[in-house]
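Trainee: Could you walk me through this structure before I start on my own notes?
Mentor: Gladly; let us look at the model together and take your questions in turn.

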Amino acid sequence: MHYTRLGSSGLRVSRICLGMMTYGDPDSLEWLLGEDAAEPIVRRAVEAGVTFFDTADMYSGGVSEEITGRLLRKLFARRDDYVLATKVYFPTGPGPNDRGLSRKHVLAAIDASLTRLGTDHVDLYQIHRWDPETPIEETMEALHDVVRAGKARYIGASSMYAWQFTKAQHIAEAAGWTRFVSMQNHYNLVYREEEREMVPLCLDQGVGVIPWSPLARGLLTGSRHRGSRPSTVRSGSDRLAHAMYEDADFDIVDAVRAVAAERGLPPAQLALAWLLGRPGVSAPIVGASKVGHLDDAIAAVEVSLSEEETARLEAPYRPHRIIGHS
């Protein structure tokens with residue numbers, strides 16, 4: 001495993017981040033893995049040197065945080081040996097203040113997350129989305145207070161427009177508050193709209209990019225074909241994936257398959273290797289429901305692409321509408 005700084009911060013993370021959304025209550029969603037099924041995958045990640053783990057308070061109604069906390073305490077000797085990230089924004093209860101980025105919800109949510117995770121701090125506390133109903137000044141001050149209280153070491157953001165991210169950073173800097181060190185955005189070979197404004201902004205400002213859905217919700221694994229029926233439980237029940245990607249995107253999948261076959265590598269490794277080589281990318285957030293999925297991600301860290309291979313993978317790209325901000 002290789003390690004890198006998260007943007008220009010001093011925090012060092014593994015080049016692969018294990019996304020913990022896959023682990024939760026199987027009775028709530030059929031593709032979720034319970035703790036016993038998740039443990040061998042997380043154990044393999046730890047053995048391979050993965051030190052970066054990402055979850056959120058709304059995943060499986062908080063069960064993902066509970067599983068994440070228990071497994072990391074079990075598999076690591078010390079709390080300082082891993083980097084733990086979680087997120088706030090989406091509803092976590094029925095009340096009108098059980099969502100969003102108000103001061104009330106942010107301060108309540110961090111305490112609830114820490115309880116579920118079984119720790120006194122997270123290393124990276126992220127806003128899961130932009131909240132149009134709360135002044136960003138209120139949110140940034142609340143996040144600063146979370147850091148000052150020792151409940152988070154750093155803060156990050158997730159999918160939004162570049163102007164929104166810029167506004168948040170400017171307000172924090174002007175007030176002397178904590179600034180975001182990371183951007184968790186929707187970015188992969190199939191969806192590259194982030195390269196227009198967000199990625200250049202992050203490069204300029206020293207913000208680490210930690211993409212979600214690096215394999216386009218399984219599309220870039222090469223297991224699906226035009227017009228074929230979903231081949232996994234997850235893909236068969238993932239309505240969002242069908243709304244996010246379209247038939248034309250299979251031109252890129254075909255290119256990935258072709259280059260992967262020439263290299264004798266799984267398509268997932270090629271797609272992740274491309275993303276790992278993009279400017280500004282610190283660590284793609286990879287979900288794994290099987291140990292083999294994780295092994296592909298770990299192996300991708302060692303794969304280098306030639307300029308010709310990169311050009312072939314990128315050539316079929318078509319512009320997309322903005323996806324993933326809501």
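Predicted model: local features only at pLDDT ≥ 70, side-chain atom pairs only at ≥ 80, totals over all residues.

Trainee: How many bridges join β3 to β10, and do they run parallel or antiparallel?
Mentor: Strand β3, which covers residues 17-19, is joined to β10 by three bridges, and the two run parallel.

Trainee: What is the strand order in the open sheet?
Mentor: The open sheet has eight strands with parallel pairing, and the order reads β9-β8-β7-β6-β5-β4-β3-β10. In general, the strands of a sheet pair through backbone hydrogen bonds, either parallel or antiparallel.

Trainee: And which are the edge strands?
Mentor: Those are β9 (208-209) and β10 (285-287), each of which pairs on one side only.

Trainee: Which residues point which way from β5?
Mentor: Val-83, Ala-85 and Lys-87 point one way, while Leu-84, Thr-86 and Val-88 point the other way, and all of them are buried, Lys-87 included. In a regular strand the side chains alternate between the two faces of the sheet.

Trainee: What is the bridge partner of Asp-54 in β5?
Mentor: The partner of Asp-54 is Ala-85, and strand β4 (residues 52-54) is joined to β5 by three bridges, with the two running parallel.

Trainee: Changing topic, is Thr-139 buried or exposed?
Mentor: Thr-139, which lies in helix α4 (residues 136-148), is buried, because its relative accessible area is 1%, and the cut-off for buried is under 20%.

Trainee: What is Thr-139 in contact with, leaving aside its neighbours within four places in sequence?
Mentor: With those neighbours set aside, Thr-139 is in contact with Leu-101, Ile-127 and Thr-134.

Trainee: Stepping back, how many helices and strands does the protein chain have?
Mentor: The protein chain has twelve helices and ten strands. Its radius of gyration is 19 Å, close to the 20 Å that the globule rule gives for 326 residues, so the chain is as compact as a globular protein of that length.

Trainee: And what percentage of the residues is buried?
Mentor: Buried residues make up 56% of the 326 in the protein chain. As for contacts with a separation of 6 or more, 78% are accounted for by residues 24 or more positions apart.

Conventions: Residues numbered from 1 in each chain as written. Heavy atoms only, no water. Helix = DSSP H or I, 4+ residues; strand = E, 2+ residues; numbered from the N terminus. Rg over C-alpha atoms; globule rule 2.2 N^0.38 Å. Buried < 20%, exposed > 50% of the residue type's maximum accessible area, 1.4 Å probe, protein only. Contact = heavy atoms within 4.5 Å. Pairing = 2+ DSSP bridges.
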